[in-house]
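Notebook open, viewer open. I'm jotting down what I look up as I go, starting with the overall fold and then zooming in.

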Amino acid sequence: MIYILMFLAIYSLSFCIRNLSGPFNTFGFIRNKLMTNSIVGVFFYELFSCPFCIGFHCGYMIYILQCDSIQINYLILWGFAGSTIVALFDSILEKFNKV
């Protein structure tokens with residue numbers, strides 16, 4: 001049961017970072033400032049538009065929040081699981097939006 005909650009938390013975190021404005025437009029403001037920066041703007045644009053990239057980062061962040069002691073092998077595995085979950089959920093939602 002905890003794994004289902006963690007998978008849903010990974011996708012929710014990635015959805016919030018990529019799509020929502022947040023309270024008082026917090027996420028939107030930070031996202032716009034990062035993407036309009038002349039030095040790192042292209043990097044963050046590509047990061048936010050790639051489900052594998054944002055999923056990897058959300059996966060290991062959720063693992064860090066959940067675990068008591070961090071192990072590097074689980075950190076990497078949760079990153080890969082996060083990229084798979086976000087890419088899978090994005091493709092499912094894209095199929096539903098086409099109908």
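**Overall layout.** I counted the elements first: the protein chain has five helices and zero strands. Helices here are DSSP runs of H or I with at least four residues, strands are runs of E with at least two, and both are numbered from the N terminus. Read along the sequence, the pattern is α-α-α-α-α. I noted that this is a predicted model, where local features need pLDDT of at least 70 and side-chain atom pairs count only at pLDDT 80 or more, while totals for chains, interfaces and linings use all residues. Residues are numbered from 1 along each chain as its sequence is written, and side-chain values use heavy atoms, with hydrogens and water left out.

**Size and burial.** The C-alpha atoms fill a box of roughly 40 × 35 × 25 Å, taken along the principal axes. I looked up burial next: 27% of the 99 residues count as buried. Buried means under 20% relative accessible area, exposed means over 50%, and partly exposed is in between (1.4 Å probe, protein chains only). I also checked contacts, meaning heavy atoms within 4.5 Å. Among those with a separation of 6 or more, 55% join residues 24 or more positions apart.

**α3 against α4.** At what angle do the axes of α3 and α4 cross? For α3 (residues 41–49) and α4 (residues 51–66), I found roughly 85°, with the axes coming within 5 Å. The axes are lines fitted to C-alpha atoms, for helices over the stretch in contact, and the angles run from 0 to 180 degrees between N-to-C directions. The two helices are therefore roughly perpendicular to each other, a label that covers 65 to 115 degrees. At the contact, Leu-47, Phe-48 and Ser-49 of α3 meet Pro-51, Cys-53, Ile-54 and His-57 of α4. By class, that contact has five nonpolar, two polar and no charged residues. For the classes, I wrote down that Ala, Val, Leu, Ile, Met, Phe, Trp, Tyr, Cys and Pro count as nonpolar, Asp, Glu, Lys and Arg as charged, and the others, Gly among them, as polar.

**The two faces of α3.** Which residues of α3 are buried? I got Gly-41, Phe-44, Leu-47 and Phe-48. They cover an arc of only 130° around the axis, so they sit on the same side of α3; the arc is that of the directions from the helix axis to the C-beta atoms. A reminder to myself: an α-helix has 3.6 residues a turn, so residues three or four places apart point the same way. The buried residues of α3 pack against α1 (2–19), α2 (26–35) and α4. Turned away from that buried side, I found the exposed residues Val-42, Phe-43 and Tyr-45.

**The core.** The largest nonpolar core has 15 residues, and Ile-10, Leu-47, Phe-48, Ile-54, Tyr-63, Trp-78 and Val-86 touch the most other members. Such a core is a set of buried Ala, Val, Leu, Ile, Met, Phe, Trp, Tyr and Cys residues joined through side-chain atoms within 4.5 Å. The elements giving two or more residues to this core are α1, α3, α4 and α5 (72–98). I clicked on Val-86: leaving out residues up to four places away in sequence, its contacts include Ile-10, Tyr-11 and Ile-54.

Most residues other than glycine have a negative phi. In the loop between α1 and α2 I looked up Phe-24, whose phi is near 55°, a positive value. Phe-24 is exposed, with a relative accessible area of 84%. Asn-25 is found in the loop between α1 and α2 too, and its phi is near 60°. Asn-25 counts as partly exposed at 39% relative accessibility.

Note on methods. Parallel < 35°, antiparallel > 145°, perpendicular 65-115°, else oblique.
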